[in-house]
Amino acid sequence: MYENQKFRGENPLAAEPISKLLAKFAIPSVLSMLVDALYNVVDQIFIGQGVGYLGITAATVTFPFVTIVLSIGTLLGIGGSVYTSMSMGAGKNEEAEKTLGTVLTLAVAIGILFTAVCLMFLKPMVFAFGATEGAQGSLSYVMEYAPIILLGAPFSMTAIALSSMARADGSPILAMGGFLAGTILNLILDPIYIFVLGWGVKGAAIATLTSQVLSAFIMLIYFLKKSCIRLKRKNLRPSLTSCGQVVMFGLPACMIQVAAAILQIELNKTVIRFRTVSVSSESALSVMGIVLRISSVVISVCVGIAVGMQPIIGFNKGAGLSHRVKETFHKAVGTATVVSVIGWLGCAIFPAAILQIFGMNEPAYMEFGIRCMRIFLLGMAVAGFQIISSQYYLATGQAVKAMLLSILRPLLLMVPLIHIFSSIWGLDGILYASPTADYLTALIIALLLWHDRKTFRNNCYGSLRDQ
């Protein structure tokens, strides 16, 4: 007992002030998440300014492909990093290197297969994702943009998977740096390709592809030259043991991204079915793409806070320090809620200014865009509470609850509400489905937390008595 108390006292996770710990762990995570979110926003700004709303529509139609690539890369990266960490902790560096080789081979092979299949069936797939034909349709823009984005799938999967492996290898800064280098290159190339060379939406896609190649190349060089576990030719043949462990550990994180992809597809398909007298379905879809990118900035900050919270809660839960677990959760929820409320207020008060950044100035377009931002994002105020709560369950070892809560809003509530509300109220129904799903999710989570409160308290005190 004395040794355990001494260990707790010496470990900063058990001794340092919670606010200080949260800042220490959350700020790097927030910055890492913001890099990707801000890149997507700025990329859309360049497309909107240089191509117009049909260019944004093309990116929105193509986004499910991007999300699927992210889900596979996340499965391989998270699953591989967890198993690698366990192997290295047990002194099994050879097994860790086998896992690294397996992850790389799977990322490249699945990426190439994904690209080939999607290119083979590209036209029916983009129609299913919301592309439209005709003089004012988005199909021609999508067919310029999507094939190039798909060519980047092997590089993107490799960069995503290996960045997680780099964190397991003890190099989180390099993992962030690889993506940051790609993002900076993309933001440099975007205006050159779109405005200077006049390549339009195709130029934006080429800039993205180039940045993905750079990020993948940086990660490969690291594991060939600088890492603790090295990439070796003999380990490139996938290990069945490693494959099984990677899938097992990576599936929950993958499912969250799959739910997001399904939501994006259903949202695109439903929006494209409706138009008003003043707003075409393509315009409505481009507005939705902008709104989703804007909300992703706020969500990325909340996710960064949640990621920073996890090790603090996990350690103190295991140590039986229930008061520190509660304090961490409350402060993380409070911080994330402040962020989400500020984000919601910004979108509600300044929607016209935000839309104008994307090059949208037509009166009818602006009218719908303002309405969309104020209604669709009405539930953003509780986004921080949702994200922190689901990650709290993950940090306390309740993985099933965490995964269910993570897919509750996008898949179990939002998708059916989109179809039900749109069948009654048309395009307005789609807008109101989002805040309805948000507040229902927040209510369910609040009820679950209230129900679990006594059990949580008894478990923590039980741990203390056992010591």
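Start by selecting helix 13 (residues 322-349) together with helix 16 (residues 383-395), whose axes lie 7 Å apart and meet at an angle of about 150°; an axis here is a line fitted to C-alpha atoms, for helices over the stretch in contact, and angles run from 0 to 180 degrees between N-to-C directions. Helix 13 and helix 16 are therefore roughly antiparallel to each other, given that angles under 35 degrees count as roughly parallel, over 145 as roughly antiparallel, 65 to 115 as roughly perpendicular and the rest as oblique. Helix 13 passes helix 16 in a right-handed crossing, a crossing being right-handed if the near helix is turned clockwise from the far one by less than a right angle, and left-handed if anticlockwise. The helices are DSSP runs of H or I with at least four residues, strands being runs of E with at least two, and both are numbered from the N terminus.

Before moving on, keep in mind that this is a predicted model, in which local features need pLDDT of at least 70 and side-chain atom pairs count only at pLDDT 80 or more, while totals for chains, interfaces and linings use all residues. Residues are numbered from 1 along each chain as its sequence is written, and side-chain values use heavy atoms, with hydrogens and water left out.

Next, select helix 9 (residues 172-196) and helix 10 (residues 200-225), the axes of which come within 8 Å and cross at roughly 155°. Helix 9 and helix 10 are therefore roughly antiparallel, and helix 9 passes helix 10 in a right-handed crossing.

Stay in this region and show the side chains of Leu180, Ile184, Ile188, Ile192, Phe195, Val196, Leu197 and Trp199, which form a nonpolar surface patch with about 720 Å² of accessible area together. Such patches are made of residues with over 30% relative accessible area and no salt bridge, with like charges joined within 9 Å and nonpolar side chains (Val, Leu, Ile, Met, Phe, Trp, Tyr) within 5 Å; the areas come from the Shrake-Rupley method with a 1.4 Å probe, and for residues only the protein chains shown count as cover. Leu180, in helix 9, is partly exposed at a relative accessible area of 34%, where buried means under 20%, exposed over 50% and partly exposed in between (1.4 Å probe, protein chains only).

Now go to Arg233, in the loop between helix 10 and helix 11 (240-272), which is exposed with a relative accessible area of 78%.

The last stops are salt bridges, of which the whole structure holds six, each being a side-chain nitrogen of Lys or Arg within 4 Å of a carboxyl oxygen of Asp or Glu. Select Lys269 and Glu266, whose side chains meet at 3.5 Å, N to O; being three residues apart in helix 11, they are separated by about one helical turn. Lys269 is partly exposed at 33%, whereas Glu266 is buried at 17%.

Then select Arg371 and Asp428, whose closest N and O atoms are 2.9 Å apart in a salt bridge. Arg371 lies in helix 15 (residues 363-376) and Asp428 in helix 18 (residues 427-466), so the pair ties together parts that are 57 residues apart in sequence.

Finish with Asp452 and Lys401, which form a salt bridge of 2.8 Å, N to O. This pair links Asp452 in helix 18 with Lys401 in helix 17 (residues 399-425), 51 residues apart. Asp452 is buried at 12% relative accessibility, while Lys401 is partly exposed at 28%.
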